Every structure is written in structure tokens, then in C-alpha cells.
Amino acid sequence: MLTILTGLFSALSYATSDMFSQRVTRETRALTQIVWVLGIGAVIVVPVALVLRGLPDDGEWAGAGLAALAGVLYFGALYFLLRGLDVGDLGLVSALVSLQGACLAVTVTVILLGEPVTPVLALALVLCVAGAVLTSFEGRAGSTRGAPWAFAAGLLFTGVMLCYNYGDIDWLSQAAISRSVSLLVALPVALLTGSVAVPRALRPKAAGAGILELAGLALLTITFALGPATVAGVTTTQFGTFAVVLGFVLLHERPKPNQWAGILCTLLGVSLLAAVV
């Protein structure tokens with residue numbers, strides 16, 4: 001029961017963080033909100049990691065290097081995500097970003113480990129592909145403008161997850177290193193291209209997005225530590241589901257029928273993947 005609760009709260013934290021970031025990004029720009037999200041996260045997690053874990057040991061520098069690479073990739077993924085949210089619907093973009101689970105499953109299970117594609121895995125991948133196609137079919141409407149950004153973000157998030165998966169250091173050190181590197185990349189880029197100031201009325205949302213994003217990461221780690229992995233995988237990948245609900249109820253987003261079908265296929269496929277991989 002505790003695994004289910006922490007997993008769902010992790011997903012809800014990520015979805016709510018995206019909703020706050022969408023609002024701030026539309027009033028400012030993606031790079032400005034990235035600096036706020038990463039800055040808040042770094043201010044919280046780096047001191048805690050230094051106190052509890054200290055600097056990496058001699059045998060952990062390879063893992064630290066992977067965490068640093070994850071930080072570079074995370075900056076790109078977050079930038080693409082916020083660009084998508086700037087022009088697209090919260091529910092649609094988040095559902096497509098959740099396809100990172102399909103990318104990770106194919107990369108690790110099939111390509112790296114060489115395991116055969118089982119019927120269940122094949123069904124999950126078919127659902128993911130069908131969901132991506134249906135969700136991205138624009139027709140005469142303009143509600144899918146964020147789809148390309150979402151796909152790009154999902155691919156980079158897959159790279160981040162691979163770096164975390166193959167790193168040999170604890171999650172707190174990984175988070176501290178990756179957030180620090182992401183901020184070191186984002187801050188000069190943001191300052192050279194504009195301002196990082198956020199209007200006073202939006203600052204609670206800008207800071208809240210950073211806190212919730214870090215909370216989502218912490219709860220994600222706790223969920224997988226509690227196990228079992230199948231339950232943890234299914235619950236933590238429901239951030240797309242929460243985003244669809246938040247977008248429909250609070251932001252009054254109204255996807256077309258084919259997009260509803262695509263979102264449903266995507267969420268089912270990702271959940272099925274999380275349960276079997």
C-alpha cells in the first residue's frame with residue numbers, strides 16, 4: 001500500500017510541477033523557468049548530499065561522470081519539455097513525454113540485454129506507437145503543436161534514465177551532481193540570451209515547480225526502494241494520467257476524440273511496459 005501511495009504522489013508531484021512550469025513559461029520563457037526549477041532543486045539537494053554522503057570516493061568517479069552527463073541531458077530534456085508546454089496542452093505533452101518508458105524498455109531490454117520481444121512487450125509497444133500516432137494527428141486543429149518537443153524531451157529523458165541506471169553511486173549524490181551540472185549549463189545560457197527574472201505574482205509557481213520536481217524524484221526513489229518493482233513502475237509512470245486530469249479540470253483542455261484515444265493508448269502501453277519490464 002505504501003509503495004502505491006508514494007508512487008502516485010511522485011507522479012502527481014511531477015504533473016503539478018509541469019502545470020506550474022507551463023504557466024510561468026508562457027508568461028516568461030523556457031530558459032527562465034529552467035533556471036528557477038534547477039536552482040531551487042540544487043539549493044535543497046546539494047547541501048543535503050554533501051552532509052549525508054560527502055564527495056564521491058575514488059571508486060565512484062565513473063558514476064559521478066554518468067551523473068554529470070545526465071545533468072547535461074536533463075537540461076536539454078527540460079528545455080524541450082517546457083517548449084512543448086509553452087505551445088501545447090499539458091495533458092497531451094505529458095502523455096507523449098511518458099513514452100520515455102517505451103524508449104527505455106526497448107533500449108535496455110531488447111538492444112542492450114538482447115532479450116526476446118515477448119507478446120506482452122510487443123502489445124505494450126504497439127499501444128505506445130498507436131498512442132503516439134493518434135495523439136499527434138492534428139487534422140484541422142492546432143492542438144498538437146507541442147508534440148515534436150514532447151517526443152524530443154522523451155528521448156533525452158531516456159538518456160537521463162540510462163545514466164542513472166548504470167551509475168554506481170547513490171541516488172542523492174546522483175541528484176546533487178546532475179542538478180548542479182544542469183544549472184551550470186542553464187544559467188549562463190539564460191543570462192546570455194535574456195533575463196531570469198520572474199514577475200512577483202508568478203514566483204510562488206516558479207519556486208513551487210522546483211520543489212515539486214525534486215519531491216517527485218525523491219518519492220520515485222523511495223517507491224522503487226520499497227518495491228516491488230512492477231507496482232513501483234506502474235504507479236510512478238502515471239504522471240501523464242495526472243497531467244491529463246489536471247489539464248481537463250483546471251486548465252479546461254479539450255483534446256479531440258482521436259487524441260483522447262491516443263492518450264489512453266499511450267498511458268495503457270506505458271503502464272503495461274512498467275509492469276512487465
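Five aromatic pairs are found in this predicted model by the ring rule, and the count comes to 5 aromatic pairs. Rings of Phe, Tyr and Trp (its six-membered ring) pair if their centres lie within 6.5 Å; planes under 30 degrees apart count as stacked, over 60 as edge-to-face and the rest as tilted. The rings of Tyr-79 and Phe-80 have centres 6.1 Å apart and planes at 55°, so this pair is tilted. The rings of Phe-80 and Trp-149 have centres 5.7 Å apart and planes at 40°, so this pair is tilted too. Phe-80 lies in helix α3 (residues 61–87) and Trp-149 in helix α7 (residues 147–166), so the pair ties together parts 69 residues apart in sequence.

Residues are numbered from 1 along each chain as its sequence is written. The model is predicted, so local features need pLDDT of at least 70, side-chain atom pairs count only at pLDDT 80 or more, totals for chains, interfaces and linings use all residues, and side-chain values use heavy atoms, with hydrogens and water left out.Helices (H or I, at least four residues) and strands (E, at least two) are DSSP runs, numbered from the N terminus.

Buried means under 20% relative accessible area, exposed over 50%, and partly exposed in between (1.4 Å probe, protein chains only). Tyr-79 is partly exposed, at 23%. Phe-80 is partly exposed as well, at 24%. Trp-149 is partly exposed at 26%.

Helix α8 (residues 171–193) holds Val-185. Val-185 has 25% relative accessibility and therefore counts as partly exposed. Its C-alpha lies 8.6 Å from that of Gly-71, although Val-185 and Gly-71 are 114 residues apart in sequence. Arg-179 is also placed in helix α8. Arg-179 counts as buried, with a relative accessibility of 2%. Contact means heavy atoms within 4.5 Å. Leaving out residues up to four places away in sequence, Arg-179 touches Leu-38, Ala-42, Val-45, Tyr-74, Tyr-164, Glu-213 and Leu-217.

Helix α4 (residues 90–97) has 8 of its 8 residues buried, so this helix is largely enclosed by the rest of the structure. The buried residues of α4 are Leu-90, Gly-91, Leu-92, Val-93, Ser-94, Ala-95, Leu-96 and Val-97.

A cavity is a set of points where a 1.4 Å probe fits but cannot get out. A pocket is an open set with protein on both sides within 12 Å along at least five of seven lines. Lining residues have an atom within 4 Å of a point. Grid points are joined across faces, edges and corners, and a volume is the space filled by probe spheres set on the points.

The whole structure holds 1 cavity of 30 Å³ or more. The largest cavity has a volume of about 30 Å³. Its lining consists of Gly-91, Leu-92, Val-244, Phe-248, Glu-253, Pro-255, Trp-260 and Ile-263. Helices α4, α11 and α12 each supply at least two residues of this lining. For residue classes, Ala, Val, Leu, Ile, Met, Phe, Trp, Tyr, Cys and Pro count as nonpolar, Asp, Glu, Lys and Arg as charged, and the others, Gly among them, as polar. The lining of the largest cavity has 6 nonpolar, 1 polar and 1 charged residues.

The second largest pocket has a volume of about 190 Å³. Met-19, Phe-20, Gln-22, Arg-23, Arg-26, Glu-27, Gly-88, Asp-89, Lys-205, Leu-251 and Glu-253 line this pocket. Helix α1 (residues 2–27) gives the largest share of the lining, 6 residues. By class, the pocket lining has 3 nonpolar, 2 polar and 6 charged residues.

His-252 sits in the loop between α11 (239–249) and α12 (257–276). Phi of His-252 is near 60°, a positive value in a residue other than glycine. Most residues other than glycine have a negative phi. His-252 counts as exposed, at 57% relative accessibility.

The whole structure was also searched for disulfides, and 0 were found. A disulfide is a pair of cysteine sulfur atoms within 2.5 Å. Cys-163 counts as buried, at 7% relative accessibility. Cys-265 counts as buried, at 18%.
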